[in-house]
Amino acid sequence: VTSKSMSQISFQSWMTRTKIVIFLDANFIEIFSNWLEYMKISCPSCLKILEIVCLDKSCDVILSLRALPRCSLVLHLETNNRFKSILSSSSQMRLNYIWVERVSLILSMLKLRYNILLTDVDALWLKNPLSILLNHPHADIISSK
């Protein structure tokens with residue numbers, strides 16, 4: 001086995017354990033659509049490992065109607081009793097609750113031994129981040145400003 005084919009095998013193995021996770025609600029569909037078009041050009045391999053987590057059912061419906069990639073998971077916050085009880089609270093409390101849900105889901109994925117790249121729909125990558133992650137396979141956390 002040549003070193004090149006070995007590195008390709010390692011990359012493929014790494015890719016099967018890696019997920020790019022993006023949280024989305026219906027308010028950000030337009031931005032997500034633009035983000036997706038940018039990703040098709042800048043990081044096509046990223047789309048193969050993209051996990052979209054919808055925060056509401058309407059988000060998944062809109063994605064379906066527009067023939068965009070569908071949600072891997074819908075959190076249904078609009079029907080979650082704990083979330084409904086804080087809807088009338090401050091926006092900071094709602095945001096805190098959503099972050100608790102995000103961290104909980106990411107923790108579950110980490111326990112399943114996935115490499116996780118958490119990104120926001122309004123974050124554009126200037127370079128393909130997969131090479132950075134692959135070059136630091138033992139890093140616990142890699143972040144950027």
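# Report on a predicted chain

Aspartate 60 is buried, because its relative accessible area is 6%. In this report, buried stands for under 20% relative accessible area, exposed for over 50%, and partly exposed for values in between (1.4 Å probe, protein chains only). The accessible areas come from the Shrake-Rupley method with a 1.4 Å probe, and for residues only the protein chains shown count as cover.

The model is predicted: local features need pLDDT of at least 70, side-chain atom pairs count only at pLDDT 80 or more, and totals for chains, interfaces and linings use all residues. Residues are numbered from 1 along each chain as its sequence is written, and side-chain values use heavy atoms, with hydrogens and water left out.

## The chain as a whole

The chain contains seven helices and four strands. Both are DSSP runs numbered from the N terminus: helices are H or I with at least four residues, strands are E with at least two. Along the sequence they follow the pattern α-β-α-α-β-α-β-α-α-β-α. Of the 145 residues in the chain, 33% are buried.

## Salt bridges

A salt bridge is counted when a side-chain nitrogen of Lys or Arg lies within 4 Å of a carboxyl oxygen of Asp or Glu. By this rule there are five, and three of them are described here.

Aspartate 60 takes part in one, with lysine 57, where the closest N and O atoms are 3.9 Å apart. Both residues belong to helix H4 (residues 57-65) and are three residues apart, about one turn of the helix. Lysine 57 is partly exposed, because its relative accessibility is 37%.

Another salt bridge joins lysine 19 and glutamate 51, with 3.3 Å between the closest N and O atoms. Lysine 19 is in strand E1 (residues 18-24) and glutamate 51 in strand E2 (residues 50-54), so this pair ties together parts that are 32 residues apart in sequence.

Arginine 102 and aspartate 120 also form a salt bridge, at 3.1 Å from N to O. Here the link is between distant parts of the chain, 18 residues apart: arginine 102 is in helix H6, and aspartate 120 is in the loop between E4 and H7.

The table gives the accessibility of these last two pairs.

| Residue | Relative accessibility | Class |
|---|---|---|
| Lysine 19 | 16% | buried |
| Glutamate 51 | 19% | buried |
| Arginine 102 | 9% | buried |
| Aspartate 120 | 35% | partly exposed |

## The largest pocket

Rolling a probe the size of a water molecule over the atoms shows where empty space is left. A pocket is an open set of points on a 1 Å grid over the protein atoms alone, where a 1.4 Å probe fits, with protein on both sides within 12 Å along at least five of seven lines; its lining residues have an atom within 4 Å of a point. Grid points are joined across faces, edges and corners, and the volume is the space filled by probe spheres set on the points.

The volume of the largest pocket is about 1300 Å³. Its lining has 32 residues, with Ile116, Leu117, Leu118, Leu133 and Ile142 nearest the centre. Helix H6 (91-111), strand E4 (115-119) and helix H7 (130-134) are the elements that give two or more residues to this lining. Sorted by class, the lining has 19 nonpolar, six polar and seven charged residues. Nonpolar covers Ala, Val, Leu, Ile, Met, Phe, Trp, Tyr, Cys and Pro; charged covers Asp, Glu, Lys and Arg; the others, Gly among them, are polar.

## The nonpolar patch

Leu95, Trp99, Val103 and Leu118 make a nonpolar surface patch of about 350 Å². Patches use residues with over 30% relative accessible area and no salt bridge; like charges are joined within 9 Å, and nonpolar side chains (Val, Leu, Ile, Met, Phe, Trp, Tyr) within 5 Å. H6 supplies the largest share of this patch, three residues. Leucine 118 belongs to strand E4 and counts as partly exposed because its relative accessibility is 36%.

## Other residues

Isoleucine 106 is placed in helix H6 and counts as buried, at 12% relative accessibility.

Glutamate 30 is in helix H2 (residues 29-42) and is partly exposed, with a relative accessible area of 48%.

Arginine 113 lies in the loop between H6 and E4. Its phi is near 75 degrees, a positive value in a residue other than glycine. Arginine 113 counts as exposed, at 68% relative accessibility.
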